[in-house]
Amino acid sequence: MTAAVPFDRSRRPAPGPLRPYHFPAVQRRTLSNGLQLAVVEARSFPVVTVGLVLPSGALAEPEGKDGVASLTTALLESGAGSRNAAEIALVVDGLGLSMDSWASWDVSEASFTCLRARADEGMAVLADMVLRPTFPDDEVARLRAQRVTSLAQARGEAGGVAGEFAGLYVFGRESRYGRPMGGTAASVSGIGRDDVAAFHAAHYRPAGSTLFAAGDVSLDELAALAERHFGAWSGTPPPHAPPPPSPERAATRIVVADRPGAVQSAIRLSHPAPGRGTPDYFPMIVLNSVVGGNFSSRINMNLRERLGYTYGAHSAFGLRRTSGIFMVSTAVQTEVTAPSVAEILRDLREVREAEVTEAELADARTFLSGSFPLPMQTTDGLAAKLEALIVNGLPDDYFSSYRERVMEVTAADVLAAARAHLWPDRAVVIVAGDGARVGPQLEALGLGTVEVVDPASVLE
Amino acid sequence: MQIPIERFSLDNGMRVVLSQDHAVPLVALNVWYDVGSRNEAPGKTGLAHLFEHMMFQGSQNVPGTGHIAGVERVGGTVNGTTWLDRTNYYETVPSSELELALWLESDRLGWYLPALTQEKLDNQRSVVKNERRQRVDNQPYGDWDERIQMLLFPPDHPYHHPVIGSMVDLDAASLEDVADFFRTYYAPNNAVLTIAGDFDRDEAKRLVEKHFGPIPHGPPIPPIPGRTEVPPRLGGEVRERIAGEVPLARVYAAYRIARYGQPEFYVAEVCSELLAGGKSARLYDALVRERRAAQSVGAFTFPTMTGAAALVVRGNGIDADGDALERELLAQVEAFRAAEPTAEEMERALTGIEARQVMSLQKLAERADQISMFTSHFDDPGLVNRELDLFRAVTAADVHRFAREALGAGNRAVLTYVPAAAEAA
């Protein structure tokens, strides 16, 4: 080795030449049955991720059938074509597929990642699952029971209770967003095989659906696979149901989900936010980076690095197709629950009062533009970007201009976004913690009556 | 698929591995220090992990939390983790910022102590205690791994105590403890640096030498405290039953096995795949789908190096009945021991292991971490390309022999959680 040359360690090294990153072109085609195809190629590994987005999710469920969309996707591996659940598992594992299917509020999806050589066989399994599920009665009963168990599991955790409370108290039980996406014990017990089959028959249709692939695959290759496995599929799903309204409130409301004896409080401050297509999207993500998106954001630096109240605190805009939710999440030790809430509220109010500093703005912009290529290392990550375009109806050139649009955001834009989309004084603050200890602390904040609620009394 | 490997050493003993890949303009840095909770003396539990936190609190030329801020500012990701045998630190940054990452990592190895203060220690002690509350004390089943460690390893073995430490020991940790820990274990000769991704080879070597070269070789690393050698079998059954704040029953059955790198370890890893690698695997098929005795199942190894390793089998219950769940889970393990797995099962298990390895290596950070691990544990970075051969060499007869010999009541720790409410009723 050559001898080390002395240099000034106190100065951050200058960056080397910046290599550009271009999001791969989105290539599209439509089959004669209306099924849309979309591909982004990335050839460095012999791996491909394939997914199918169906245009209906939990918001499309019939009245009284909460959870049928999720149950339908869960049942796709329970029997399809000539195979029962065990036989499907043998094929999926035999091919080394990581197969998954799930519903969100807006869509239902099934997806797998595999070695390129297995894509054809993988697609055959996917087509069986989506086109020819059998929904055996005993599997319907099993997966209903699984849903009840997983809900009990989630409610055993402070974060699970707090999250469910946040949905309920922000949107209200009358809104579909106010009730768990996967349904409750009461709702899923009322879902039978016929309900699942009816949801499938109505919504699993090629028109409005997109089959997409990312990785070691071309559009021609995907089209050939799609013709072979999905060519005979037909039909059109019903139009989207109108989205539930986003309620607004006049003042911040504090609700304690009582967990007697808890040594920590899980805090969720939340309120409605616009949908993914909002024109304020770029100012909002810069704003979130400054406020709570990163380690170095205001809320985490304050609650963790200055005060030591928590292992971490962060915020996020969870933006769905037509509406969203803003949430600050943290877990703090019981003794400092009220001061933590007060600090979060102060951080949110401050970012609405004055422009973020030049340094904060610059850091947030370079964070967002610099981190953009990170997920593109994997076919999964690329597929997730493609999926975001499909689910939210964003234009195909969206990601090619993403970094420029981030860099254009100004401090004035961020302030405007904060004033429009952060509502510290019209939020719901959920605290899952020891009510007897945190109730009086929170009352002393002077934000009105603190409701201490036994989770069992409100969660169905 | 072949991961390129080029290794060299600095004069100060630091081992360096380079692995180029120009697909995306990113570069991943990963540093493994050969120190973990196993190196902690009695009364000092949690020090390795608390120290890892303190490594993000600044060094002479990177004040305060400037390390994380510096990486986030350029769009990178950064973190560190502490485990039984090792501590790792890593960042993924745009390839234009390779030198930034090297500067940050080297500054806290070479110029750490001047920035250490009591105030920072008090803050991070509080953060770590909240980490413990969040992950362990206020989390259903959150203490399962520390309980399994206590059951599987004797009190004088370095895996007996939890990685995150006890609240009492965390409270007692002094600034001098932290400084001592640094002086003892944080030296270039106790570290492996891996760089994976989009960089120029000569430039990378020059920059590594520039930033890490001036850091002096440290003193010899002291032996691991306590009894590091244990037999690869427990020699009996130990059991623990916890009636606690959990919503549903859960059972862990853990087995002591030969340490990571030994042929038996790979057999055990194949067993975990056969038992719970997918929905066609034994435990899922029988317990989740067929008998509906569990909500989900899992099986995995602890790839540890000090004396022995562990194979853990887990069943998440569907109700409060821990006894029934335990019976069902152990009955399936018994069935697994009774006969050789079929050729088809072996084939599927191998397919699963291979597929997951290819998927995970797509990520530069994962690639760098694995290379650092193979270098630190086995002085052999090329194992990242060859380890699959060790799995492929495992036969159905090996599995059967191992299962019969190691997965019975003579080598078993059983940990059962039941809801306190159900226990009282």
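1. Let me start with strand S11 of chain B: nine of its nine residues are buried, so S11(B) is largely enclosed by the rest of the structure. Buried here means under 20% relative accessible area, exposed means over 50%, and partly exposed is in between (1.4 Å probe, protein chains only). Strands (E, at least two residues) and helices (H or I, at least four) are DSSP runs, numbered from the N terminus. One side of S11(B) carries Asn411(B), Ala413(B), Leu415(B), Tyr417(B) and Pro419(B), the other Arg412(B), Val414(B), Thr416(B) and Val418(B), and all are buried.

2. Before going on, a word on the source. This is a predicted model, in which local features need pLDDT of at least 70 and side-chain atom pairs count only at pLDDT 80 or more, while totals for chains, interfaces and linings use all residues. Residues are numbered from 1 along each chain as its sequence is written, chains are lettered from A and ligands numbered from 1 in the order in which they are written, and side-chain values use heavy atoms, with hydrogens and water left out.

3. Now the partners of S11(B). Strands pair if DSSP finds at least two bridges between them. S7(B) and S11(B) run parallel and are joined by nine bridges, with Val414(B) as the bridge partner of Arg239(B). S8 (residues 250–257) of chain B pairs with S11(B) in the antiparallel sense over five bridges, and there Leu415(B) stands opposite Tyr252(B).

4. Strand S3 (residues 26–33) of chain B also deserves a look: eight of its eight residues are buried, so S3(B) is largely enclosed by the rest of the structure. Both its faces are covered, with Trp32(B) among the buried residues on one side and Tyr33(B) among those on the other. S3(B) runs antiparallel to S5 (residues 87–94) of chain B, with eight bridges between them, and Ala28(B) stands opposite Thr92(B). Seven bridges join S3(B) to S6 (residues 191–197) of chain B, again antiparallel; here Val27(B) faces Gly197(B) as its opposite residue.

5. On to the cores. A nonpolar core is a set of buried Ala, Val, Leu, Ile, Met, Phe, Trp, Tyr and Cys residues joined through side-chain atoms within 4.5 Å. The largest has 75 residues, and Phe23(A), Leu269(A), Leu287(A), Leu348(A), Tyr402(A), Leu422(A) and Leu442(A) touch the most other members. Helix H9 (residues 281–293) of chain A gives the most to this core, with eight residues. Apart from it lies another core of 57 residues, including Ile3(B), Tyr255(B), Leu283(B) and Phe336(B). Leaving aside neighbours within four places in sequence, Leu269(A) is in contact with residues including Phe326(A), Ile344(A), Leu348(A) and Val428(A), where contact means heavy atoms within 4.5 Å.

6. Two buried loop residues in chain A may interest you. Arg176(A), between helix H5 (158–171) and helix H6 (185–189), counts as buried at 9% relative accessibility. Leaving aside neighbours within four places in sequence, its contacts include Glu61(A), Asp66(A) and Trp105(A); the C-alpha atoms of Arg176(A) and Trp105(A) are separated by 9.0 Å, at 71 residues apart along the chain. Thr378(A), in the loop between helix H12 (358–371) and helix H13 (379–392), is buried with a relative accessible area of 10%.

7. What is the volume of the largest pocket? About 710 Å³. On a 1 Å grid over the protein atoms alone, a pocket is an open set of points with protein on both sides within 12 Å along at least five of seven lines, a cavity is a set where a 1.4 Å probe fits but cannot get out, and lining residues have an atom within 4 Å of a point. Of the 30 lining residues of the largest pocket, Gly156(A), Arg259(A), Pro140(B), Glu245(B) and Val246(B) lie nearest its centre.

8. Tyr141(B) has a positive phi, near 65 degrees, in a residue other than glycine, and counts as buried at 4% relative accessibility. Arg292(B) has a positive phi near 55 degrees and is partly exposed, with a relative accessible area of 30%.

Methods
Grid points are joined across faces, edges and corners, and a volume is the space filled by probe spheres set on the points.
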